[in-house]
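Hi there,

Here is the structure I promised to pass on to you. Please have a look at it first, and then read my notes below.

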Amino acid sequence: MVQISIFLNSLLISWYDYRRPQVLKKLSSIYRLGHSDQLNTYDAFKLQIVNRLAVLCIGVAFILVFTNIVFHNPVGIAIDIAAAVFFAFPVLLLNKFKKYQFAISLFLSGYHLALSVGTFHSIVEGRESGIEYLFIPGAIAIILLVTGAWQYIIVMLNFAILLSLNYIRFEYYDGGDFTT
């Protein structure tokens with residue numbers, strides 16, 4: 001069994017070494033999806049951040065789907081696929097068609113919605129996954145991507161959701177059953 005694992009690992013590494021330039025070139029083109037010369041430096045920066053975060057979310061969702069398959073968690077599989085299909089892929093398409101603000105709004109709302117649903121699902125199942133703490137990187141993304149008064153409103157909403165989910169976990173959920 002160990003020899004098969006070593007063989008598969010060496011095969012994967014050799015494939016990656018062979019294909020690395022093409023993979024990096026493709027990723028670079030995805031990161032620059034929707035870029036135009038009319039964008040100022042800050043807007044181009046925001047575009048690349050949103051595209052990179054969307055690709056990262058797609059990759060994480062892909063990994064989580066396989067993890068949930070191993071642990072026989074069909075609701076988790078549905079949440080992860082929905083997050084990728086309904087929020088991350090459309091962000092890349094919206095950026096391609098130069099709908100930047102809508103893409104940012106969709107990404108942030110989809111990120112927070114998927115995290116809220118995933119956190120509530122883990123609370124109901126009685127898992128101490130700590131997934132709700134991914135709202136903190138969400139706040140950092142808000143600070144980088146949103147400007148003006150909306151930035152403060154959305155950050156406060158982000159932390160209110162985090163606090164309310166933690167309140168539900170520690171106050172009403174008691175190791176397997178909801179208490180009233």
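**What I found**

Lys 98 is partly exposed, with 43% relative accessible area; the scale here calls a residue buried under 20% relative accessible area, exposed over 50%, and partly exposed in between, using a 1.4 Å probe and protein chains only. Before going on, please note that this is a predicted model, where local features need pLDDT of at least 70 and side-chain atom pairs count only at pLDDT 80 or more, while totals for chains, interfaces and linings use all residues. Residues are numbered from 1 along each chain as its sequence is written, and side-chain values use heavy atoms, with hydrogens and water left out.

**The loops with positive phi**

Lys 98 sits in the loop between helix 3 and helix 4. Its phi is near 65 degrees, a positive value in a residue other than glycine. His 72 is another non-glycine residue with a positive phi, of about 55 degrees. This residue belongs to the loop between helix 2 and helix 3, and His 72 is exposed, at 69% relative accessibility.

**The overall layout**

The protein chain has six helices and two strands, and its elements run α-α-α-α-α-α-β-β from the N terminus on. Helices (H or I, at least four residues) and strands (E, at least two) are DSSP runs, numbered from the N terminus. Of the 180 residues in the protein chain, 33% are buried. Taking contacts between residues at least 6 apart in sequence, 59% join residues at least 24 apart; a contact means heavy atoms within 4.5 Å.

**The cores**

In soluble globular proteins, nonpolar side chains tend to be buried together. A nonpolar core is taken here as a set of buried Ala, Val, Leu, Ile, Met, Phe, Trp, Tyr and Cys residues joined through side-chain atoms within 4.5 Å. The largest nonpolar core has 21 residues, and Val 91, Leu 108 and Leu 145 touch the most other members. At least two residues of this core come from each of helix 2, helix 3, helix 4 and helix 5. There is also a second, separate core of five residues, with Leu 115, Phe 135, Leu 162 and Leu 165 among them.

Leaving aside neighbours within four places in sequence, Leu 108 is in contact with Ala 141, Ile 142, Leu 145 and Val 146. Val 146 lies in the loop between helix 5 and helix 6 (149–172) and is buried, with a relative accessible area of 12%. Not counting residues up to four places away in sequence, Val 146 touches Leu 108, Gln 151 and Ile 154. Val 146 and Ile 104 are 42 residues apart in sequence, yet 8.2 Å apart in space, C-alpha to C-alpha.

**The salt bridge and its surroundings**

How many salt bridges does a search of the whole structure find? It finds one, between Asp 43 and Lys 46, whose closest N and O atoms are 3.9 Å apart. The term stands for a side-chain nitrogen of Lys or Arg within 4 Å of a carboxyl oxygen of Asp or Glu. Both residues lie in helix 2, three residues apart, about one turn of the helix. Asp 43 is partly exposed at 29% relative accessibility, whereas Lys 46 is buried at 7% relative accessible area.

Lys 46 also meets Leu 144: setting aside neighbours within four places in sequence, Leu 144 is in contact with Tyr 42, Phe 45, Lys 46 and Ile 49. Leu 144 is found in helix 5 and is partly exposed, with a relative accessible area of 34%. Leu 144 and Ile 49 are 95 residues apart in sequence and 8.6 Å apart in space, C-alpha to C-alpha.

**The largest pocket**

The largest pocket holds about 950 Å³ of space. Of its 38 lining residues, those closest to its centre are Val 60, Leu 64, Leu 115, Ile 131 and Leu 134. Helix 2 (41–70), helix 3 (74–96), helix 4 (100–125) and helix 5 (135–145) are the elements that give two or more residues to the lining, and helix 4 has the largest share, with eleven residues.

A pocket, on a 1 Å grid over the protein atoms alone, is an open set of points where a 1.4 Å probe fits, with protein on both sides within 12 Å along at least five of seven lines; lining residues have an atom within 4 Å of a point. Grid points are joined across faces, edges and corners, and the volume is the space filled by probe spheres set on the points.

Best wishes
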